[in-house]
Amino acid sequence: MKVCQKVRAKGTTTYNEVADELVAELCPPGAAASPDQQYEQKNIRRRVYDALNVLMAMQIISKERKRIQWLGLAAPPAEDSPDLEQEKADCRQRISEKTQQLKDLVLRQIAFKNLVERNKALEETEGPPEAGSSVQLPFLVVNTKKKTVIDCSISSDKKEYLFNFNDTFEIHDDIEVLKRMGMTLGLDSGTCSEEDLGKAAAMLPPSLAAFIEQVALEAAGALDVPEPSPDRLDRPLDQLETTWESP
């Protein structure tokens, strides 16, 4: 960069002129006899020579014998513009995807921490849950009509499950159920209060405080919540067994 600036400022110059000026600028005066200083000066001159070759290869300067002429920084050709626009669009898409991933992780963190606090409070007042009465994380909930016939096949190692339904059905993961239980404090639906927003921010690192506020504002201003249908999983978690029938 310094070599480029020197040649640009002079317009026409020579290698020795550029190298001498940079040596004078970068090496302190009065130490020319030092072996280290002599090595540094030679190193600067080599780097000036390499930089000039790079500038010539990029057609920013031209050289005829000892004379070096500044040509200028070429503008990108017109045909490159669509490629640059596509690259910009791809970058924006990746940023959008990463932002959504961060939002999902933040909501999951808040939901899990709220679930832990709720379970601790219940254990203090009602004691630990009975064996077989709790649902372990992670889990999936399959929701369908009560009269739907379900055929379930399980592999011999019990690692694969095949379900066949004769009617429509929905699959919800644990975070979707926790959202409907209010564990995300309304951050996903735009109903988060100032108190809950402060509570959510306290569950996250300070660096994410501004981000969680942005999530709440976006949800409050732009989220379109569809009307729930009768067949959707809109009942409390403790009433889920009323929607199930043994296959």
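L185 lies in the loop between α5 (174–180) and α6 (194–202), where helices (H or I, at least four residues) and strands (E, at least two) are DSSP runs numbered from the N terminus. The phi of L185, a residue other than glycine, is positive, near 60°. With a relative accessible area of 11%, L185 is buried; buried denotes under 20% relative accessible area, exposed over 50%, and partly exposed the range in between (1.4 Å probe, protein chains only). The structure is a predicted model, in which local features need pLDDT of at least 70 and side-chain atom pairs count only at pLDDT 80 or more, whereas totals for chains, interfaces and linings use all residues. Residues are numbered from 1 along each chain as its sequence is written, and side-chain values use heavy atoms, with hydrogens and water left out.

A positive phi of about 60° is likewise found at K158, which is not a glycine. K158 is placed in the loop between β5 (150–154) and β6 (161–165). In contrast to the buried L185, K158 counts as exposed, at 62% relative accessibility. A further backbone feature is the cis peptide bond from L137 to P138, with omega near -5°. P138 belongs to the loop between α4 (81–126) and β4.

The overall fold comprises seven helices and seven strands. Along the sequence, these elements follow the order α-β-α-α-β-β-α-β-β-β-β-α-α-α. Of the 247 residues of the chain, 24% count as buried. Among contacts (heavy atoms within 4.5 Å) with a separation of 6 or more, 61% are accounted for by residues 24 or more positions apart. The accessible surface of the chain, computed by the Shrake-Rupley method with a 1.4 Å probe, comes to about 17800 Å², and carbon and sulfur atoms contribute 53% of this area.

Helix α2 (residues 15–26) contains twelve residues and spans 16 Å from its first C-alpha to its last, close to the 16 Å expected at 1.5 Å a residue; the expected span is 1.5 Å times one less than the number of residues. The buried residues in α2 include V18, A19, L22 and V23. These residues lie on the same side of α2 because they cover an arc of only 130° around the axis, the arc being that of the directions from the helix axis to the C-beta atoms. Among the elements that cover the buried residues of α2 are α1 (2–10), β1 (12–13) and α3 (35–57).

Nine salt bridges are present in the structure, each defined as a side-chain nitrogen of Lys or Arg within 4 Å of a carboxyl oxygen of Asp or Glu. One of them joins the side chains of K6 and E21, at 3.0 Å from N to O. This pair links distant parts of the chain, with K6 in helix α1 and E21 in helix α2, 15 residues apart. K6 counts as buried at 16% relative accessibility, whereas E21 is partly exposed, with a relative accessible area of 24%.

Helix α4 holds both E85 and K88, three residues apart, about one turn of the helix. Their side chains meet in a salt bridge at 3.9 Å, N to O. E85 is partly exposed at 49% relative accessibility, and K88 is partly exposed with a relative accessible area of 40%.

A salt bridge also forms between the side chains of D174 and R108, with an N to O distance of 3.5 Å. The two residues connect distant parts of the chain, since D174 is in helix α5 and R108 in helix α4, 66 residues apart. D174 counts as buried, at 4% relative accessibility, while R108 is partly exposed at 28%.

On the surface, L140, F169 and I171 form a nonpolar patch with about 320 Å² of accessible area together. Patches are made of residues with over 30% relative accessible area and no salt bridge, like charges being joined within 9 Å and nonpolar side chains (Val, Leu, Ile, Met, Phe, Trp, Tyr) within 5 Å.
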